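Reader: I have a chain on my screen and would like to walk through it with you. Could you take my questions one at a time?

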Amino acid sequence: SDTVDLAGTLDTQGGTFSLGAGDDTFRTHDTTNVIGNLDAGAGNDLLDVAVTTGNTVHFDGLAGFESLGKSGAGTMVVDGNASFQDIVVSGGLLDATATATLTTHTLDIASGATLNVDNLLSGTTGNDTATIAGRVTGAGRIDLGAGDDTLTVQDGADFSGLALPVDGGAGNNLLVTDIATNATLGGVANF
């Protein structure tokens with residue numbers, strides 16, 4: 001198991017930085033700058049992105065990470081492809097650009113947090129879950145894919161900035177509204 005706690009610049013010179021086998025953690029800070037691809041390798045690996053207001057951490061391609069935890073009021077930008085078992089955005093902005101494709105089994109956007117998708121966020125072929133209490137924006141698509149997926153919309157959720165409906169994909173999908181006060185809903189399809 002490896003832990004990389006990066007506060008400076010990591011430049012892979014066009015290659016890939018690999019953490020290898022084991023349950024690894026790659027932790028970032030306000031001053032982190034990653035140029036190139038990261039591969040966490042085999043194991044139960046965590047990408048822990050803590051960025052405060054006014055700061056941005058960029059990532060190109062990400063592979064081998066099972067979990068993404070985004071915290072702090074700052075911004076995480078993903079410019080390449082990345083696949084996770086679970087994505088939890090507890091604060092700030094996770095920005096998947098027009099060149100990014102994110103894949104996840106479990107998605108959780110907390111109240112006050114924002115997910116921006118300008119290309120594609122997709123589910124897996126399994127039974128995926130997405131719980132949204134924050135904002136979802138962007139010109140791209142959210143498609144939960146095949147399987148019996150569940151989208152839970154909670155208090156404070158805001159889908160008004162998303163250009164296309166959230167698509168449950170193939171399967172017997174369920175839309176759950178857990179709203180006691182208010183939420184701003186957008187389009188949904190295949191639920």
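Author: Happy to. This is a predicted model, where local features need pLDDT of at least 70 and side-chain atom pairs count only at pLDDT 80 or more, while totals for chains, interfaces and linings use all residues. Residues are numbered from 1 along each chain as its sequence is written, and side-chain values use heavy atoms, with hydrogens and water left out.

Reader: Let's start with strands: how many bridges join β10 to β12?

Author: Strands here are DSSP runs of E, at least two residues long, numbered from the N terminus, and two strands pair if DSSP finds at least two bridges between them. Strand β10 covers residues 81–89, and β12 covers residues 101–109. The two run parallel, and the number of bridges joining them is 8.

Reader: Which residue of β12 stands opposite Phe84?

Author: Strands β10 and β12 run parallel. Opposite Phe84, the residue in β12 is Thr104.

Reader: And on β8, which residue in β10 is the bridge partner of Ser67?

Author: Strand β8 spans residues 67–71 and runs parallel to β10, with 4 bridges between them. For Ser67, the bridge partner in β10 is Asp86.

Reader: Now charges: how many salt bridges are there?

Author: A salt bridge is a side-chain nitrogen of Lys or Arg within 4 Å of a carboxyl oxygen of Asp or Glu. One of them pairs Asp5 with Arg27 at 3.7 Å, N to O. By this rule the count is 3.

Reader: Is Arg27 buried, partly exposed or exposed?

Author: Buried means under 20% relative accessible area, exposed means over 50%, and partly exposed is in between (1.4 Å probe, protein chains only). Asp5 is at 47% and counts as partly exposed. Arg27 has a relative accessibility of 27%, so its class is partly exposed.

Reader: Arg27 forms another salt bridge with Asp48; which parts does that pair tie together?

Author: The closest N and O atoms of Arg27 and Asp48 are 3.1 Å apart. The two residues are 21 apart in sequence, so the pair ties together strand β3 and strand β5 (residues 46–50).

Reader: What salt-bridge partner does Asp143 have?

Author: Asp143 sits in strand β17 (residues 141–143). In its salt bridge, the closest N and O atoms are 3.6 Å apart, and the partner is Arg141. As for the other pairs, salt bridges that share partners form one network of Asp5, Arg27 and Asp48. To return to your question, the partner of Asp143 is Arg141.

Reader: Which backbone nitrogen does the side chain of Asp143 reach?

Author: This is a polar contact, meaning a pair of N or O atoms within 3.5 Å; within protein, one must be able to donate a hydrogen and the other to accept it, and residues adjacent in sequence count only if both atoms are side-chain atoms. The distance is 2.9 Å, and the nitrogen reached belongs to Gly145.

Reader: Which residues does Gly169 contact, beyond its neighbours within four places in sequence?

Author: Contact means heavy atoms within 4.5 Å. Gly169 lies in the loop between β20 (166–167) and β21 (174–178), and is buried at 16% relative accessible area. Gly169 and Gly145 are 24 residues apart in sequence, but 4.4 Å apart in space, C-alpha to C-alpha. The residues in contact with Gly169 are Asp143, Gly145 and Asn190.

Reader: What phi does Asn190 have?

Author: Most residues other than glycine have a negative phi. Asn190 lies in the segment after β22, and is partly exposed at 47% relative accessible area. The phi of Asn190 is positive, near 65°.

Reader: And what is the phi of Gln13?

Author: Gln13 is found in strand β2 (residues 9–18). At 66% relative accessibility, Gln13 counts as exposed. The phi of Gln13 is also a positive value in a residue other than glycine, near 55°.
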